[in-house]
Amino acid sequence: MPSTQAAPTPETPVKDMKDIVALCKRRGFVFPASDIYGGINGFWDYGPLGVELKNNLRDLWWKRMVTCPPIGPDGHPVQIVGLDSAIIQNPKVWVASGHVGGFSDPMRKCPKCGHFVRADHLWNILFSESEWVNSLLQVFEPHTGRIDTPAIMNWAKGKGKKLAPNLAVVKDPEVVMSFLATRVNGQPNAPLEIQEIVSHLATAQLNATGLQDPCPRCGGALEGESTFNLLMHTYLGVSATEDDKAYLRGETAQGIFINYKNVMDSSRVKVPFGIAQTGKAFRNEVTPRNFIFRSREFEQMEMEFFCHPSEANMWFDFWVSERKKFWEDLGLKTDNLLMREHEADELVFYSKRTFDIEYHFPFNGFDEKGNKQFGELEGIAYRTDYDLKQHAEHSGQRLDYLDPERDNERYVPHVIEPAAGLTRGVLALLCEAYTIDPSRPSGVYLNFHPKVAPKKAAILPLMAKDGHPEKAEKLYMELREEFAVDLDIKQNIGKRYARQDEIGTPFCFTIDGQTMEDDTVTVRERNTMAQERIAMSKVADYLREKMRA
Ligand code: ATP
């Protein structure tokens, strides 16, 4: 049963995705791609602040993986090196990895309007995004199963006609409603689930054919399931024949596996070690949705950690707790995170264990009991030796390891893969930071940790005269060498504070009359709005300390 959004309480107003998306556009975090041409489904552009936020997250991940990796169980930093492989590789890579044969999602088509929908997300999409279901839900009490026949009939003859012309209850309201009434009256003690009611309203052939799954767009009956390969392709060179077909990478991970030998041969790493990479990935998602959560072009941060098979479980546990800590350190609240281990029947065949780090995005909502629902942010998979063995077999190259620490034992290393979405991470940071506060002029502020905030501070001369702008520019020129700072001279101070609140700038330094006398500035702290005075010469130290906290 899909989740429905719980009622807001005065203490914790519910964050609405529509408001977050609107702020992202208004303030320059994320724009729909090709906006002036009406957009393109599944693609997004990152604006002036979005690109800073994304770069910050990527740089913090890189630091935590490559330049300052965590301390391993032996008390020494683990070894991880970086890589930046091409987006397009020899197509054989994707045959060996299994993506050409099996990287597919189940899909269903609506023969009436031609809409495609991902089969395993159908009911979620119906309840969160379908216009006609949302409109229909307003005419009956979803949780009691009570059917208000006249209200639904009215809906079918009015709004329903416009929103879901192919729905059975719209085409034939009397017949469908009288059948539904017999079904409800026959079982007075067993109220129907909303899902069942919606299916009933879509059922054209009534009990002759049973229930049918309706199209989220037009209400028509969906066809059965088929599979759809997610790899995007292009043609290289001028002739554009099938032989010239190449794939845009569906994940950054395979670029790492195919460079395992090059890295081993060219650097001094020894098992256990990792190779990390960030970058674009492309998937022809059947139903891109939920803003930048599921798009067709996105970015990943993946690391493949190669280890001896006997130590793989130990490293798996190590990376699961490390990765959770990473997200918490960036400000994601522990109670918005869920560590979910895959059940045996959910594991892909080559994985022995997988943990998903899930985040409570606003569109995940709550279940009927008010429990938070979650969506995947990162997967940590114990992939055994599957990928290296596949590439060894398909390329004809030896990808095993001669271990000098283990009496020259020869083996194919096992792999632990923490695979995170960079753009999905940006969304989690935005959603977590979004804080509703009716007491301030902006009504909302972004509570970013100073480490991730796109702008670390704003320098605001109180007046656009009396030497204030010159003094402000001097401070700005000093700070910008080390920090992303904003110099904002125009408008009244309240409006400038409001803008900085909305873009999540943690500190505002204001230059005023007193600054001209004693070289002190006021610091306004974003979350508390408290102000204190500090010496201008101490501003850089102040910021440095806050960034470390
Ligand atoms: P999902 O089940 O959500 O489709 P997945 O299990 O296929 O994701 P992986 O292949 O493990 O995802 O990719 C690693 C990470 O890449 C995911 O945890 C997610 O953060 C990100 N990711 C995957 N697909 C998309 C997408 N279409 N848009 C944005 N991020 C994505």
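How many aromatic pairs does the structure hold? Let's work through that and a few more exercises.

Before we start: this is a predicted model, where local features need pLDDT of at least 70, side-chain atom pairs count only at pLDDT 80 or more, and totals for chains, interfaces and linings use all residues. Residues are numbered from 1 along each chain as its sequence is written, and side-chain values use heavy atoms, with hydrogens and water left out.

**Exercise 1: aromatic rings**

Task: give the count of aromatic pairs, then classify the pair Phe293 and Phe361.

Solution. 
- Step 1. The structure holds 24 aromatic pairs. Rings of Phe, Tyr and Trp (its six-membered ring) pair if their centres lie within 6.5 Å; planes under 30 degrees apart count as stacked, over 60 as edge-to-face and the rest as tilted.
- Step 2. Phe293 and Phe361 have ring centres 5.1 Å apart and planes at 75°, so this pair is edge-to-face.
- Step 3. Now place the two rings. Phe293 sits in the loop between strand E9 (273-282) and E10, while Phe361 sits in the loop between strand E12 (353-359) and E13; they are 68 residues apart, and the pair links distant parts of the chain. Helices (H or I, at least four residues) and strands (E, at least two) are DSSP runs, numbered from the N terminus.

**Exercise 2: around the ligand**

Task: describe the shell of residues around the ligand.

Solution. 
- Step 1. There are 15 residues around the ligand, and Arg283, Glu285, Arg294, Ser295 and Glu376 come nearest. A residue counts as near if one of its heavy atoms lies within 4 Å.
- Step 2. Look for polar contacts (pairs of N or O atoms within 3.5 Å; within protein, one must be able to donate a hydrogen and the other to accept it, and residues adjacent in sequence count only if both atoms are side-chain atoms). A side-chain N or O atom of Arg283 is 2.8 Å from a ligand oxygen. For Glu376, a polar side-chain atom lies 2.7 Å from an oxygen atom of the ligand, and for Arg424 that distance is 3.1 Å.
- Step 3. Check the cover: on its own the ligand has 590 Å² of accessible area, and the protein covers 82% of it. Such areas come from the Shrake-Rupley method with a 1.4 Å probe; for residues, only the protein chains shown count as cover.
- Step 4. Find the elements. Strand E10 (297-307), strand E13 (375-384) and strand E16 (414-421) each give two or more residues to the shell, and E13 gives the most, with 4 residues.

Notes:
Ala, Val, Leu, Ile, Met, Phe, Trp, Tyr, Cys and Pro count as nonpolar, Asp, Glu, Lys and Arg as charged, and the others, Gly among them, as polar.
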